[in-house]
Amino acid sequence: QVQLVESGGGLVQAAGSLRLSCAVSGRTFNDYAMGWFRQAPGKEREFVASINWPGERKYYADSVKGRFTISRDNAKKTVYLQMNSLKPEDTAVYYCARGRGMQPSQGYDSWGQGTQVTVSS
């Protein structure tokens, strides 16, 4: 059974940076895309970024393009989300997800518990 554990969230001022990590346990990291999603209070969960296996293709929501960077360390079974130039509207619970296959377009079937990111103005 795969487990995803996010870390790195917290409180940061606008224009600051945070790096989220998602550690995946079990053998099921290789051959799978990974993604980050977020959910703000009162809103639906939305896509933030994704990365294919083994990591040469990356995709971003328009709202974070140029500010966030997704990456993966396959040896460590960890995916990262570097968030720069944070804005108050980035405040949300951030979730890591494992894909159903090598490409993000195949969807996701496993989710972490989430980590809170709060950006103050």
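**Note on the predicted model: salt bridges, disulfide and core**

1. Arg-38 forms a salt bridge with Asp-90, and their closest N and O atoms are 2.9 Å apart. A salt bridge here is a side-chain nitrogen of Lys or Arg within 4 Å of a carboxyl oxygen of Asp or Glu. Arg-38 lies in strand E4 and Asp-90 in the loop between E8 and E9, so the pair ties together parts that are 52 residues apart in sequence. Strands (E, at least two residues) and helices (H or I, at least four) are DSSP runs, numbered from the N terminus.

2. A word on the basis. This is a predicted model, in which local features need pLDDT of at least 70, side-chain atom pairs count only at pLDDT 80 or more, and totals for chains, interfaces and linings use all residues. Residues are numbered from 1 along each chain as its sequence is written, and side-chain values use heavy atoms, with hydrogens and water left out.

3. Is Asp-90 buried or exposed? Asp-90 is buried, with a relative accessible area of 1%. Buried means under 20% relative accessible area, exposed over 50%, and partly exposed in between (1.4 Å probe, protein chains only). Arg-38 is also buried, at 6%.

4. Arg-38 has another partner. Glu-46 forms a salt bridge with Arg-38, the closest N and O atoms being 2.6 Å apart. Glu-46 counts as partly exposed, at 36% relative accessibility. Arg-38, Glu-46, Arg-67 and Asp-90 are linked in a network of salt bridges. Side chains of opposite charge can pair when their charged atoms come close.

5. How many salt bridges does the structure hold? The structure holds five. One of them joins Asp-109 and Arg-98, at 3.1 Å from N to O. This pair links distant parts of the chain: Asp-109 sits in strand E10 (residues 108–111) and Arg-98 in strand E9, 11 residues apart. Asp-109 is partly exposed at 38% relative accessibility, whereas Arg-98 is buried at 7%.

6. Now the disulfide. The count is one, taking a disulfide as a pair of cysteine sulfur atoms within 2.5 Å. Cys-22 and Cys-96 form it, with their sulfur atoms 2.1 Å apart. Cys-22 is in strand E3 and Cys-96 in strand E9, 74 residues apart. The torsion about their S-S bond is about -80 degrees, so the disulfide is left-handed. Cys-22 is buried, at 0% relative accessible area. Cys-96 is buried too, at 0%.

7. Which residues have the most contacts inside the largest nonpolar core? They are Met-34, Trp-36, Leu-81, Met-83 and Tyr-94, in a core of 27 residues. Seven strands, E3 (18–25), E4 (34–39), E5 (46–51), E7 (68–73), E8 (78–83), E9 (92–99) and E11 (115–120), each supply at least two residues of this core. E3 gives the most, with four residues. A nonpolar core is a set of buried Ala, Val, Leu, Ile, Met, Phe, Trp, Tyr and Cys residues joined through side-chain atoms within 4.5 Å.

8. Look at Leu-81 in detail. Leaving aside neighbours within four places in sequence, Leu-81 is in contact (heavy atoms within 4.5 Å) with residues including Leu-20, Trp-36, Val-48, Phe-68, Ile-70 and Tyr-94.

9. Finally, check Asn-52. Asn-52 lies in the loop between E5 and strand E6 (58–60). Asn-52 is buried, with a relative accessible area of 1%. A polar atom of the Asn-52 side chain lies 3.1 Å from the backbone nitrogen of Glu-56. Beyond its neighbours within four places in sequence, Asn-52 is in contact with Ala-33, Arg-57, Arg-72, Met-102, Gln-103 and Pro-104.

Conventions: A polar contact is a pair of N or O atoms within 3.5 Å; within protein, one must be able to donate a hydrogen and the other to accept it, and residues adjacent in sequence count only if both atoms are side-chain atoms.
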